[in-house]
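Me: Hi! I'd like to go through this structure with you, a bit at a time. Could you start with the sheets and then move on to the helices?

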Amino acid sequence: MDMDRLKAWLIAHGGSFHPSVVLKTQGPFGISVLAPRIDEDTTIVTCPFSLIITKHTSLQALKTLLGNDAHASLDTWSERQLICSYLCFHQLCPEQSSQEVLRHFPYIQCLPAAANLLTPPHFTTTEREILRNTNLYQATLDRERNWRARWGQCRSLVQMVNPAWGDLFTWDVYLTALTYLSSRAFPSSVLSPNPSLVSTPSTHPVLIPGLDLLNHKRGQPVSWIVSCQDTIQDQDTNTSNTISIVSHPNSDVDVGTTSPREELVEVFNNYGPKPNDELILGYGFSLPDNPDDTMTLQIGGSATSQKWVVGRNAHNVESLWSDIRNMIANGESDYEFEDDLETAAVLTDMVQAKLDGIKTVADVRQNDVIRPTVRAMLGHYIAGQRDILESILEFLNEKRGAAIDAAREQGIDLVFDEDDDG
């Protein structure tokens, strides 16, 4: 990785790094941004809008490369197809002959090699099998199915224009570009006078060279600062408009530290609260004991079935309980203890089956075939999913106990099967 070239390229186009910043390749995630311990608000890196990769800049480059006959088809492509195909062409074309159209060689050449990407589409069969019966397993299959279909559309057009390019436009090349986009993109809502990291149906992904080098740390205090006067389409060639990340001192980290002030430590970004399944699927890393972990539960299994998202400590389980109890009571507002007992029984069977169907943390840790970094991610994820299910079972057991007490208050002594804990 030519990090000096990346720095020089960014600066030459109106960007900057703080003078104390050092870019270093370390660990499985490629480049890390290092600097002395932050004791005051510090602008770490600035990127001009002219270097941001958007659907608009990608579309214009692809129209130039593929010619007039491809324009109508390109106009129907999604923003992900446009940006990923633009990234792919940096692998298909020699830099010397195409750098006027493909302007991001210094950036793309510093991205992690395909062999170092760790999102589930890059998992081995054994690694993926660990996820069976989890939400992440099905999400991985759905994502890859959708991505392959979109890749087929892109490759067909490229093949039609230039068969040699089509031969090089392989699934592996496209998957690498898709992974760069999923793991490094920000929503276009950051490119506004009041930047936001919240994605909406009207936003689309953008790649911001330099700013996307910072790895994630939950709770890290950072600010996004934008110098922005026009709409994004007008800004694509405007070097006077910039976006920066400002890092703030983190009192939770700095208090009691014994490291020398001049010692280089990693500077982080904050992607916001995300559960481990989202971190693994989109970014290829996880957090131990992630407090933002969730699990999606579904009755019926069809795409149109109602879904409930439950977090750690059975957060939001009351919504699941109320909805299922309402179904069992046929919508009547006056619930009897029998309704509570049946609701608890139905949900306990469902949750217990879910718990029995997924691997244990021991299954993950004892599997030496899995790569160590992937093993750690899967261990974090499985532990979080099992903790959520176990907390739901505790909640249901309390509901069941309360229903039994309600029956006894009415003079009803319930008798259960011998294998029932009641």
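**Sheets, helices and a loop**

Reply: Happy to! An open sheet is built from 3 strands in the order β2-β3-β9, with antiparallel pairing. Two strands count as paired if DSSP finds at least two bridges between them. Helices (H or I, at least four residues) and strands (E, at least two) are DSSP runs, numbered from the N terminus.

Me: Which strands stand at the edges there?
Reply: Those are β2 (22-25) and β9 (264-266); each has a single partner strand, so one side of each is left without a neighbour in the sheet. On average, neighbouring strands of this sheet are turned by 45° against each other, direction ignored.

Me: Before we go on, what kind of model is this?
Reply: This is a predicted model, where local features need pLDDT of at least 70, side-chain atom pairs count only at pLDDT 80 or more, and totals for chains, interfaces and linings use all residues. Residues are numbered from 1 along each chain as its sequence is written, and side-chain values use heavy atoms, with hydrogens and water left out.

Me: Thanks. How many bridges join β2 to β3?
Reply: There are 4, and β2 runs antiparallel to β3 (residues 31-36). In that pair, Thr 25 stands opposite Ile 31 of β3.

Me: Which helix lies across β2 and β3?
Reply: That is helix α1 (residues 3-12), which runs at about 145° to β2. Axes are lines fitted to C-alpha atoms, for helices over the stretch in contact, and angles run from 0 to 180 degrees between N-to-C directions.

Me: Okay, next sheet. What is the order of the open sheet of 4 strands?
Reply: The order is β1-β4-β8-β7, with antiparallel pairing. Its edges are β1 (16-17) and β7 (222-227), each with a single partner strand, so one side of each has no neighbour in the sheet.

Me: And what joins β1 to β4?
Reply: 2 bridges do, with β1 antiparallel to β4 (residues 42-48). Phe 17 is the residue opposite Val 45 in β4.

Me: Which residues of β7 are on the covered face, and which on the uncovered one?
Reply: Val 222, Trp 224 and Val 226 make up the covered face, while Ser 223, Ile 225 and Ser 227 are on the uncovered one.

Me: Let's switch to helices. At what angle do α4 and α10 pack?
Reply: Helix α4 (residues 79-92) and helix α10 (residues 171-184) pack at about 125°, with their axes 9 Å apart. They are therefore oblique to each other. For the cut-offs, angles under 35 degrees count as roughly parallel, over 145 as roughly antiparallel, 65 to 115 as roughly perpendicular and the rest as oblique.

Me: What does Cys 84 touch?
Reply: Leaving out residues up to four places away in sequence, Cys 84 touches Tyr 174, Ala 177, Leu 178 and Leu 181. Contact means heavy atoms within 4.5 Å. The C-alpha atoms of Cys 84 and Leu 175 are separated by 8.6 Å, although these residues are 91 apart along the chain.

Me: Nice. How do α14 and α15 cross?
Reply: Helix α14 (residues 317-328) and helix α15 (residues 337-357) cross at roughly 120°, and their axes come within 9 Å. Residues meeting there include Leu 320, Trp 321 and Ile 324 in α14, and Ala 344, Val 346 and Leu 347 in α15.

Me: Last topic: which loop holds Asn 313?
Reply: Asn 313 lies in the loop between β11 (307-311) and α14, and Ala 314 is in that loop too. Phi is near 55° for Asn 313, a positive value in a residue other than glycine. For Ala 314, phi is positive as well, near 60°.

Me: Which of them is buried and which is exposed?
Reply: Asn 313 counts as exposed, at 73% relative accessibility, whereas Ala 314 is buried, with a relative accessible area of 12%.

Note on methods. Buried means under 20% relative accessible area, exposed over 50%, partly exposed in between (1.4 Å probe, protein chains only).
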